[in-house]
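Good morning, and thank you for making time on the agenda. Please bring up the sequence and the model, and I shall go through them in turn.

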Amino acid sequence: MLYNVVVDEWGGTTFVPTALGSVLLAAVLVLLLAAAAAFAKGYAKRQKERQEPSANGMGSGIQSGRLTVKQLAFCAMAVALGTVLSYIKVFHFPYGGSVTLLSMLVICLPGYFFGLGAGMMTALAYGVLQLLIDPYVLFPLQLVMDYLLAFGALGLSGLFSNAKNGLLKGYIVGVLGRYVFVVLSGCIFFADYAWEGWGVLPYSLAYNGSYIFAEAAVSIAVILLPPVRTAVGRIRKLALE
C-alpha cells in the first residue's frame with residue numbers, strides 16, 4: 001500500500017503516503033536531483049566550451065564522465081531552501097495557497113543558472129518534496145496537476161538562462177506557468193469552493209491569482225534591486241565554473 005485515505009478537517013477524504021510511499025517518493029526525489037545535476041553539468045560544459053573552445057573541439061572534458069558535486073549541491077540547496085521559505089508564510093489562504101517568502105524565486109534559480117533541463121528537474125524535485133512533507137491530494141490527477149505540473153512549471157525559467165534580464169523573464173514565465181496549472185486544478189477539482197455568485201473560472205483565476213501574483217510582485221521587486229542582481233550574477237558565475 002502506497003497511501004492511506006484520511007478524512008481532512010472539512011470532512012473530505014485525502015490521500016497520504018504510507019511509509020513505503022514516502023520511501024518511493026524520496027527515491028524519485030533523488031533521481032530527479034541526479035537528473036538535474038546531469039543537465040546542469042552539460043549546460044556548464046557547453047557554456048565553458050563557448051567561452052574557451054579547445055583546439056581539438058573537445059572542450060575541457062574534465063567533468064564529462066561524472067556528475068559534479070557543485071552542480072548537484074546547487075540544485076539540492078535550491079530545493080531545500082525553497083522548501084524552508086515555503087513555510088515562512090506572509091499570508092495563508094483558508095482553502096489552500098499562501099504568499100511565501102520568495103520560495104518560487106529560489107526554485108526558479110537553477111533554471112536561470114543551468115538551463116531548461118536542470119530547471120525542470122529541480123522544480124519537479126521540489127514538487128515531489130512538497131508532496132512528501134505536506135500532501136493534500138483529492139484525486140490522482142490533482143496530484144499530477146498541483147504538485148508536478150504546477151511546481152514543475154517554475155523550471156521554465158531555464159528558457160531565458162542566456163537572455164538579457166534572464167532571471168526576471170524566466171521568473172515571470174515560470175510563475176505564469178504555475179498559475180495556469182493551479183487555475184485548471186481549481187476549475188476541475190475545487191469548483192465547490194467557488195464564492196457565491198461567481199463562476200468557477202473567474203473564482204479560480206481570482207483566488208489563485210491573489211496569492212501567486214502577490215508573491216510574484218514582491219519577488220520581482222527584489223530581483224530588480226541592483227545588489228540582488230549583482231549577487232545572483234556572482235552566484236551564477238560560481239555555479240558554472
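This is a predicted model: local features need pLDDT of at least 70, side-chain atom pairs count only at pLDDT 80 or more; totals for chains, interfaces and linings use all residues.

Gln-71 is located in helix α2, which covers residues 69-86. With a relative accessible area of 2%, Gln-71 is buried. Its C-alpha atom lies 9.6 Å from that of Glu-241, although 170 residues separate Gln-71 and Glu-241 in sequence.

How large a part of the contacts with a separation of 6 or more joins residues 24 or more positions apart? In this chain the share is 68%.

Let me now turn to the overall architecture. The chain has eight helices and four strands. Read from the N terminus, the order of the elements is β-β-α-α-β-β-α-α-α-α-α-α. As for overall dimensions, a compact globule of 241 residues would have a radius of gyration near 18 Å, and the chain, at 19 Å, agrees with that. Along the principal axes, the C-alpha atoms occupy a box of roughly 70 × 45 × 25 Å. Of the 241 residues, 42% are buried. The chain exposes about 12,200 Å², and 70% of that area comes from carbon and sulfur atoms.

I come next to the aromatic residues. A pair of aromatic rings is described by two quantities, the distance of the centres and the angle of the planes. The count for this model is 16 aromatic pairs. One of them joins Phe-113 and Phe-114 in an edge-to-face arrangement, with 6.1 Å from centre to centre and 75° between the planes. Both Phe-113 and Phe-114 are buried.

A further pair is that of Tyr-147 and Phe-151, which is tilted, with the centres 6.4 Å apart and an angle of 55° between the planes. Why are Tyr-147 and Phe-151 separated by about one helical turn? The reason is that Tyr-147 and Phe-151 stand four residues apart in helix α5, which spans residues 140-152. Tyr-147 has a relative accessible area of 8%, and since buried means under 20%, Tyr-147 is buried. Phe-151, at 11%, is likewise buried.

Which residues form one aromatic cluster? They are Trp-195, Trp-198, Tyr-203, Tyr-207 and Tyr-211.

Over the ring of Tyr-87 sits the charged end of Lys-89, at 5.2 Å from the ring centre. Arg-236 is placed over the face of Tyr-112, and here the distance to the ring centre is 4.9 Å.

On to the cysteines. How many disulfides does the count give? The count is zero. For Cys-75 the reason is distance: the closest cysteine sulfur, that of Cys-108, is 13 Å from the sulfur of Cys-75, which is too far for a bond. Cys-75 is buried, at 0% relative accessibility. Cys-187, by contrast, counts as partly exposed, with 22% relative accessibility.

My last topic is the backbone. Leu-102 is not a glycine, yet its phi is positive, at about 65°. This residue is found in the loop that runs from β4 (98-100) to α3 (103-114). Asn-165, also not a glycine, has a positive phi of about 55°. The loop that holds Asn-165 lies between α5 and α6, the latter being residues 166-189. Is Asn-165 buried or partly exposed? At 36% relative accessibility, Asn-165 counts as partly exposed.

To close, I return to a few of these points. Finally, Gln-71 and Glu-241 are 9.6 Å apart in space, C-alpha to C-alpha, across 170 residues of sequence. I thank you for your attention.

Conventions: Residues are numbered from 1 along each chain as its sequence is written. Side-chain values use heavy atoms; hydrogens and water are left out. Rings of Phe, Tyr and Trp (its six-membered ring) pair if their centres lie within 6.5 Å; planes under 30 degrees apart count as stacked, over 60 as edge-to-face and the rest as tilted. Buried means under 20% relative accessible area, exposed over 50%, partly exposed in between (1.4 Å probe, protein chains only). Helices (H or I, at least four residues) and strands (E, at least two) are DSSP runs, numbered from the N terminus. A charge sits over a ring if NZ of Lys or CZ of Arg is within 6 Å of the ring centre and within 35 degrees of the ring normal. The radius of gyration is taken over C-alpha atoms; the globule rule is 2.2 Å times the number of residues to the power 0.38. Contact means heavy atoms within 4.5 Å. Accessible areas come from the Shrake-Rupley method with a 1.4 Å probe; for residues, only the protein chains shown count as cover. A disulfide is a pair of cysteine sulfur atoms within 2.5 Å.
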